[in-house]
Amino acid sequence: MRNKAYPFYEIAPRIKSIADMLKIKAEQTPDDVAFRFRKGRSGIAEKTYAEVYAEAKKSAQWIDKNYGKGNHIAIIGENSYEWLMAFFGTLCSGNVAVPIDKELPADEIEWLLQKADVSKVFISKTYSDLVENAKNVKVMTLKELQTAYEEEDGEFTLYEPEENNETGTIFFTSGTSGRSKGVILSHGNIVSEINEASAMFDPEGKSTLVVLPFHHTFGLNVATLMAYNYGVSIFLNKSLKRVKEDINEAKPDVMMLVPLFIEAFYKRLKDGIEKSRQKAKVEKGVKVSQAFLKLGIDRRRIMFKPIIDMFGGNLKYIISGGAPLNAFYVKEFRKFGIEILNGYGTTECSPCVAINRNYFKKDGSVGQVIQGTETKISDEGEVLFKGTVIMQGYYNDPENTDEAIKDGWYSTGDLGYVDKDGFLFLTGRKKNLIILSNGENISPEELENDIQIDPGVCEVLVYDKDSKIIAEIFPEEEFMGNKEYFDALIEKVNEGRPVYKQIASLKLRDEEFIKNASKKIVRYKNIPQ
């Protein structure tokens, strides 16, 4: 149960590119299962590392033959093996992958395609209607791509970038302006993320379950690509409705999650204990196990096997990222032998830039910064980073790039400090960006602007409370107290937006918001604590 500094793990060999990773794993462990996923109503398909490499070569060969190099290719759809083959084929044929959220409305997706200069789209058939009106793009379903590349002979050399700073992907992230920005991650950024983050953590197992969406850097670069580099078997969850079934099927040793999932798992755990009428027994067991721990004996996973079995029977580690996690959950899961390791990152950092380690961690901290990255705290207390995982900039957006990166230092917008052991602690946000527990970033100004234009609204403030978006409105005089009117307004504002961008609750005021001398609403003085 040691908790002190120790050497970084050695991941050998260190990969030089995604193509290199695919080749190395196929040579090292050709017959080991790389991916598992549901096929049909009840079937489970498996792909070995050798098979993944062979299919990636065919996918890249077809894309190279039909599209050439240098294209910006969007990939849209639910998590699937076909999605990953489109991604591997795109990068390994010398093209740029642009993952896009399938939950966005069609007009926003069309805007993102134009913003990123996308000329080709690979999309799940389920969501193909989202791009049916998109202009100047060639659309192909993921299944059509898979059928097409199966005809290739696979005699193709995967593309290797000549420079580390060559663009590999463009991920979109929300900004305070209300419009998404395209984060340019180079091949070198992605490779550095995989190499350096892998050196911080040992999965100590052979299986993981991926539930986070691939259009998130945490879901793709960390939960999937880093896991692939470890050599574990990756079960792909295609629908959140089947998470419970997939956990029992995958029996994961480790999972990468955002707090929303951890909170839901905890509720499931507590409900299970309550329904079994074992609360008193569990509480007594916790006291006994803690006494054993003080003697250097860990019997938690034996004593609480029924609880571990609720999560597949093998779960030992959860890597938490994407949003702040209350230390309460870390301590609660630890009682039963499941360790939650809090990490930190942003899309602009590829994304993981800090993490608590298996045997060196501090509750309340987001961990130690990965190798190859420097940390600095500005005079205002803002956390700054410089290193090999920092983005190349925002696509076609020099103004925002220059604002975010100064003299090589990326400004996170987060306030924090680093302790004597190199652990990073966050204390708040510099900007107003709302970060929900599911990891989604939302600009309150985007929603406020849409509400403010209504004639019944005098002033509005949007904020989050307990991971729910609240709209607080001070109406014009003739609309005072007219909740029915404003309920209809909120319904209209929510229409067409993804669930995570929708307002969950409305609050009407009978007095103005507190403002500063320039008549701007002072957020921290108006948002309930």
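Modeller: Happy to; we can go through the cores, a few residues, some helices and a sheet.

Modeller: This is a predicted model, so local features need pLDDT of at least 70 and side-chain atom pairs count only at pLDDT 80 or more, while totals for chains, interfaces and linings use all residues. Residues are numbered from 1 along each chain as its sequence is written, and side-chain values use heavy atoms, with hydrogens and water left out.

Biologist: Let's start inside. How many residues does the largest nonpolar core have?

Modeller: The largest nonpolar core has 117 residues, and Ile-18, Leu-22, Phe-35 and Phe-88 have the most contacts inside it. A nonpolar core here is a set of buried Ala, Val, Leu, Ile, Met, Phe, Trp, Tyr and Cys residues joined through side-chain atoms within 4.5 Å. Buried means under 20% relative accessible area, exposed means over 50%, and partly exposed is in between, with a 1.4 Å probe and protein chains only.

Biologist: Which helix gives the largest share of this core?

Modeller: Helix H7 (residues 217–230), with nine residues. Helices (H or I, at least four residues) and strands (E, at least two) are DSSP runs, numbered from the N terminus.

Biologist: And what does Leu-22 touch?

Modeller: Setting aside residues up to four places away in sequence, Leu-22 touches Val-52, Tyr-53, Ala-56, Phe-88, Cys-92, Leu-158 and Tyr-228. Contact means heavy atoms within 4.5 Å. There is also a second, separate core of 41 residues, which includes Val-121, Phe-172, Ile-442 and Val-457.

Biologist: Switching to Asn-79: is it buried or exposed?

Modeller: Asn-79 is buried, because its relative accessible area is 7%. You'll find Asn-79 in the loop between E3 and helix H3 (81–91).

Biologist: What does the side chain of Asn-79 reach?

Modeller: The side chain of Asn-79 reaches the backbone nitrogen of Phe-214 at 3.1 Å. A polar atom of that side chain also lies 2.9 Å from the backbone oxygen of Leu-212. Beyond four places in sequence, the contacts of Asn-79 include Val-210, Val-211, Pro-213, Asn-237 and Lys-238.

Biologist: Where is Met-200 found?

Modeller: Met-200 sits in the loop between helix H6 (187–198) and strand E9 (207–210). Met-200 counts as buried because its relative accessibility is 0%. Among the residues that Met-200 touches, leaving out those up to four places away, are Phe-8, Tyr-9, Ile-355, Arg-357 and Val-369. Met-200 and Gly-367 are 167 residues apart in sequence, and their C-alpha atoms are 9.9 Å apart in space.

Biologist: OK, helices. At what angle do H2 and H5 pack?

Modeller: Helix H2 (residues 49–67) and helix H5 (residues 142–149) pack at about 100°, with their axes 9 Å apart. Axes are lines fitted to C-alpha atoms, for helices over the stretch in contact, and angles run from 0 to 180 degrees between N-to-C directions. H2 and H5 are therefore roughly perpendicular to each other. Angles under 35 degrees count as roughly parallel, over 145 as roughly antiparallel, 65 to 115 as roughly perpendicular and the rest as oblique.

Biologist: Which residues make the contact?

Modeller: From H2, they are Glu-55, Lys-58, Ser-59, Trp-62 and Ile-63, and H5 brings Leu-145, Gln-146, Ala-148 and Tyr-149.

Biologist: Which residues are buried in helix H4?

Modeller: In H4 (residues 106–115), Glu-108, Ile-109, Glu-110, Leu-112 and Leu-113 are buried. Their cover includes strand E3 (72–76), strand E4 (96–100), strand E5 (120–123) and strand E7 (167–173). Just after H4, Asp-117 takes a positive phi of about 55°.

Biologist: Last topic: what order do the strands have in the open sheet of three strands?

Modeller: The order is E24-E25-E26, with mixed pairing. Strand E24 (457–465) and strand E26 (505–508) stand at the edges with a single partner strand each, so one side of each has no neighbour in the sheet. Neighbouring strands of this sheet are turned by 25° against each other on average, direction ignored. Strand E25 (residues 468–475) and E26 pair in the parallel sense over four bridges; two strands pair if DSSP finds at least two bridges between them.

Biologist: Which helix packs on the sheet, touching E24 and E25?

Modeller: That's helix H15 (residues 444–452), whose direction makes about 150° with that of E24. Helix H16 (residues 483–494) lies across E24, E25 and E26, running at about 140° to E26.

Note on methods. A polar contact is a pair of N or O atoms within 3.5 Å; within protein, one must be able to donate a hydrogen and the other to accept it, and residues adjacent in sequence count only if both atoms are side-chain atoms.
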